[in-house]
Amino acid sequence: MRRTWTWTFGLPPEMLWPVLADTNRFNEAMGLPSYALEETPQPNGTILRRGRGKAAGFTLEWEEKPYEWIHGRYFRQAREFTKGPFRRFGPIFELEADGTGSRLTYTLEWEPLSIVGRLFGARLGRKAGEVVGKRIVEAAAFAKGERATFFDLPPPELPAGARERATALAAEIDRSPYGNGLGRKLAELVTTGMATDLAQLKPKRLAVQFAVPTRVAVEACLAGVRAGLLTMKWDLLCTNCRGAKFSTAALSELPRGAHCPSCNIDYDRDFERNVELSFAPAPSVRPLLAGGFCLSGPLATPHVIAQLLLAPGERRTVGLALPAGSYRLRTLHPGTFVDVEHHGGAFPGLHATATGVEAGLPGEAGTVTFANDAGFELAALIEDRTWTREALTAPEVISLQAFRDLFAAATLRPGDEAGVGQVALLFSDLRGSTALYERVGDSVAFNLVREHFALLASIVRDHDGAVVKTIGDAVMAAFGDPADAVKAALDMQARIAGHELVLKLGIHAGASVVVNLNDRLDYFGSTVNMAARLQGQSKGGDIVLSRAVADDPAVEDLIATVPAAEESVALKGFADPISFVRLRPR
């Protein structure tokens, strides 16, 4: 049995897909309960996913089949029931261009198990059409910019006193030097937002939503944790599905790897790529139920461009024009995979066998052929290998001043270390500080040096960096972007000019190792040594940049008009002479 509804909208499919294919959000808006799945590995490596729940007085048990979709065009999914009024139930969503707009077709298919299932299915179909239609129209209006939120929803049920508590915590956030005036907005989001958005709050998304720089949003979230409005967790993301399959509140409890039960694989920790800091409401203000409203829809894995559920022996050719890029062909379960560097034109086919995936012969341009010769049903997919920039990665977090100030005790587990592919390190020192003490006296000199530390720390924060430590009169600061480090250095020299102090600065960027040192996170390795040695080459009032920093494209633009000279020197600890650029800001 089936029911079909159709709508037309004045927006192209690529604008509608992100809001209409968000099945987790839609299911929450339609009032469906959250649920969890029991995931059981099978002898052939696939995963049997079973769910349980109740609806309309019926006890339900089902096998959840993998979704099928082609990004921007359609998705479908089916549940096969072992208990309840249906044998099979699932939606089909189809989106196609219609002139300058789109045509959307939504279908519900079900196979009743009895006369009760037939009657209940017909009633459910009528009701679902009304609810789905209302939510689709609301979501389309949101995509068009005609409304501020996705849906009109009743306020969530909160614990007694939660709103008053949130208001008080918002005020505490705003009193923090890192609250940035966002306490009220955070409290409103926590008390009124959808659970879909709150279960894994991402500061980079919040920055867009609040129309503020990323650092400002991250700092506010960290201040929210300190105040008690939010909790934070370090997520170790699966390298296949990119879901958070291990989470911990403490950095010191982060393991070197984890197991993903959904993909049936073990995976390693990569500090730069799959360690993410996310946030959620404090349970005392907004408790969230475990599980989700849809656990495997297209936007749960947005890097997957196409996913098909193939019967044994099935071959299917689909229209799919992929732009140039880096892709991976694999199955949903463990096995061999094929990486493809696509430069346009015909795309290789996907041939699944019992051991994994092989590249098939390319078909006509704009089509891809999927074939299953594994001998069992499986899901095969094509994914984009690039990682999203929405994640707030561990290196980004530990190079922020707010994190180091608010969570100074956050360290790796004893004996642990983590590689970072790039960090820009700035070292500063004062020229002639001993003579300064003799010239102006100890008390005055001490206050000047203390004020200089405060000034440098403020500038480092303003440029998205963090002071790692001070050593005597020197400062070591870390930045995620070399351009930010150079901006900070230029600002330092500009703002300290005319004072009694003369600042020496050196900057280098490269790979490093994050370690625990003196109960704080620190950096170790040749990049640290090089940055420190370059600062030693500074004469005062200048900035010494390694070639790695000076040759960065963003840095080249920054220093294009700054007087500079190229020099070379032998440095202790380095076999060959080191070339560097000396900037002399006016």
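This is a predicted model: local features need pLDDT of at least 70, side-chain atom pairs count only at pLDDT 80 or more; totals for chains, interfaces and linings use all residues.

Residues are numbered from 1 along each chain as its sequence is written, and side-chain values use heavy atoms, with hydrogens and water left out.

We've got 16 helices and 30 strands. Along the principal axes, the C-alpha atoms fill a box of roughly 100 × 60 × 50 Å. The protein has 586 residues, and 51% of them count as buried. When I say buried I mean under 20% relative accessible area; exposed is over 50%, and partly exposed is in between, using a 1.4 Å probe and protein chains only.

The accessible surface is about 26,300 Å², and 53% of that belongs to carbon and sulfur atoms. That's Shrake-Rupley with a 1.4 Å probe, and for residues only the protein chains shown count as cover. Then contacts, meaning heavy atoms within 4.5 Å. If you take the contacts with a separation of 6 or more, 65% of them are between residues 24 or more positions apart.

Charges next. Lys and Arg count as positive, Asp and Glu as negative, and His and the chain ends are not counted. Each charge is placed at NZ of Lys, CZ of Arg, CG of Asp or CD of Glu. There are 64 positive and 68 negative charges, and their mean positions are 5 Å apart.

Now, the patches. Residues qualify if they have over 30% relative accessible area and no salt bridge; like charges are joined within 9 Å, and nonpolar side chains (Val, Leu, Ile, Met, Phe, Trp, Tyr) within 5 Å.

Which residues make up the positive patch on the surface? That's Arg-3, Arg-123, Arg-126 and Lys-127. Helix H3, residues 115–143, gives the most to it, with 3 residues. Lys-127 sits in H3, and Lys-127 is exposed at 55% relative accessible area.

Ile-115, Val-116 and Leu-119 form a nonpolar surface patch, with about 300 Å² of accessible area together. Ile-115 comes out as exposed, at 56%.

The negative patch is Asp-266, Asp-268, Asp-270 and Glu-272. Asp-266 lies in strand E13, residues 265–268, and at 65% relative accessibility Asp-266 counts as exposed.

Let's go inside. In helix H5, residues 183–192, the buried residues are Gly-183, Leu-186, Ala-187, Leu-189, Val-190 and Thr-191. They pack against quite a list of elements, including helix H4 (162–175), helix H8 (214–227), strand E10 (230–237) and strand E14 (275–281).

On to salt bridges, where a side-chain nitrogen of Lys or Arg is within 4 Å of a carboxyl oxygen of Asp or Glu. How many does the structure hold? It's 41.

The one I'd zoom in on is Glu-276 with Lys-202, at 2.5 Å, N to O. This pair links distant parts of the chain: Glu-276 is in strand E14 and Lys-202 is in the loop between H6 and H7, 74 residues apart. Buried or exposed, for Glu-276? Glu-276 is buried, at 2%, and Lys-202 is buried as well, at 12%.

Asp-152 and Arg-147 also form a salt bridge, with the closest N and O atoms 2.8 Å apart; Asp-152 is partly exposed at 46%. Then there's Glu-396 with Arg-389, at 3.8 Å between the closest N and O atoms. Here Glu-396 is partly exposed at 24%, while Arg-389 is exposed at 58%.

Last stop: Asp-197, in helix H6, is partly exposed at 30%. Asp-197 and Ala-280 are 83 residues apart in sequence, and their C-alpha atoms are 9.1 Å apart in space.

Okay, that's me done.

Terms used. Helices (H or I, at least four residues) and strands (E, at least two) are DSSP runs, numbered from the N terminus.
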